[in-house]
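Colleague: Before I rely on any of the words used for this model, I would like to hear what stands behind them. Could we go through them one at a time?

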Amino acid sequence: MAQPVTTIRKVERTKVKAAEPIAYFNGKYAPKRSVKISPDDRGFLFGDGVYEVVRSYGGRIFALEEHVERLRRGLGELRISGFDAGDFVRIAGKLLEENDLADGDALVYMQVTRGAAPRRHAFPTASTAPTLYATATPFEPKGDPARGVAVITQPDTRWARCDIKSVNLLPNCLANQRAQEAGATEAILVRDGVALEGTASSFLTVFNGEVRTAPATNYILPGVTRAVALELCRSAGIPVRETPVYLDELESAEELFLAGTTLELMPIVKLDGQPVGDGRPGPVHRRLYDLFRERVRSGA
Ligand SMILES: Cc1ncc(COP(=O)(O)O)c(C=O)c1O
């Protein structure tokens, strides 16, 4: 009996080995394991860079232009030059092909840092090329929108430019780790009593049937999924307002949900151990989720 099982395992291992991930690195597509980043890279030394994550559904990338625009804006805000954010379109497409994901569900990650230069805080010389790195990986869903997820709240210890999608994510990592340790999926970051967003997702609430979410200031990332959700609310006649949502109001919320490229629209059914509403995903989420899926299907 033991013999055939061993044989099957061997075959599976060989298969995994054959699908070697191909990465994009400074203009070239090559096996990810061959990528070598300089120890002088300012992304490594200072977290001096930006990134983007896009999701492809059956080979079609959702809201790609919006992600490109955010990347362009982030590069501009950090004054990183030498890469045109529009090139992400071509790189993402090629990576999906190279990794056999042209028809599948996948995530494409791209990171641009200010490049490698002797370590000093001020910018290196203008001739320093940015470091470009991107990967495409099969998408693995986290959480079930029909069941929802638990979240905790955490103090927001990030800097004051959360609108830039910087690779400097240490406060996000620390808060997310707290969430994992509490058996939750995400941590909602709270600054000055205002519940702003998750560590890797936007945060939406429903009070009296109205969707409310923090305004897009420097204290949140302007989430692409958040923007799509707000637009869907407006076109479907769901009342919606961008206004601060206070931590001490949350216990009376009818619904809470997360929005993000990987989570799509994910209901929160438990906040700091307490049920949200009746402890199940609510009707506003359901409606928006259906509209969102419709948008994904239509590819608009
Ligand atoms: C802090 C933060 N807020 C919100 C989001 C959601 O943004 P998007 O919908 O563009 O994925 C992310 C995504 O990574 C994030 O890191």
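The conversation below takes the terms in turn and sets each value against its definition.

Modeller: This is a predicted model, in which local features need pLDDT of at least 70 and side-chain atom pairs count only at pLDDT 80 or more, while totals for chains, interfaces and linings use all residues. Residues are numbered from 1 along each chain as its sequence is written.

Colleague: What makes the protein chain as compact as a globular protein of its length?

Modeller: The chain has seven helices and 15 strands, where helices (H or I, at least four residues) and strands (E, at least two) are DSSP runs numbered from the N terminus. Its radius of gyration is 21 Å, close to the 19 Å that the globule rule gives for 300 residues, so the chain is as compact as a globular protein of that length. The radius is taken over C-alpha atoms, and the rule is 2.2 Å times the number of residues to the power 0.38. Along the principal axes, the C-alpha atoms fill a box of roughly 65 × 55 × 40 Å.

Colleague: Why is His121 called exposed?

Modeller: A residue is buried if 20 or more other C-beta atoms lie within 10 Å of its own, exposed if 12 or fewer, and partly exposed in between, with the C-beta atoms placed from the backbone. His121 has 8 other C-beta atoms within 10 Å, and is therefore exposed. His121 lies in the loop between strand S5 (106-113) and strand S6 (131-138), and its C-alpha atom is separated by 33 Å from that of Leu107, 14 residues apart along the chain. Of the 300 residues of the chain, 38% count as buried.

Colleague: What makes strand S7 largely enclosed by the rest of the structure?

Modeller: Five of the seven residues of S7 (residues 149-155) are buried, and therefore the strand is largely enclosed.

Colleague: How do you know which strands pair with S7?

Modeller: Two strands pair if DSSP finds at least two bridges between them. Three bridges join S7 to strand S14 (residues 264-271), running parallel, and five join S7 to strand S8 (residues 186-191), also parallel. Val149 has Ile268 in S14 as its bridge partner, whereas Gln154 has Leu189 in S8. Leu189 is in turn the bridge partner of Glu197 in strand S9, and S8 and S9 (residues 194-198) run antiparallel, joined by four bridges. In the hairpin of S8 and S9, which has two residues between the strands, Asp192 takes a positive phi near 50°.

Colleague: What is the hand of the β-α-β unit that S7 and S8 make with helix H5?

Modeller: With H5 (residues 170-181), these strands make a right-handed unit, the term for a crossover whose path from the first strand over the helix to the second runs clockwise when the strands point away from the viewer.

Colleague: How do you know that helix H6 has close to its expected span?

Modeller: The expected span is 1.5 Å times one less than the number of residues; H6 (residues 224-236) has 13 residues and reaches 18 Å from its first C-alpha to its last, close to the 18 Å expected. Its buried residues include Val224, Thr225 and Arg226, and just after the helix Gly237 takes a positive phi of about 75°.

Colleague: Which element gives the most to the shell around the ligand?

Modeller: H6 does, with three residues. In total, 13 residues surround the ligand, Val224 and Thr225 being among the closest, where near means that a C-beta atom, placed from the backbone, lies within 6 Å.
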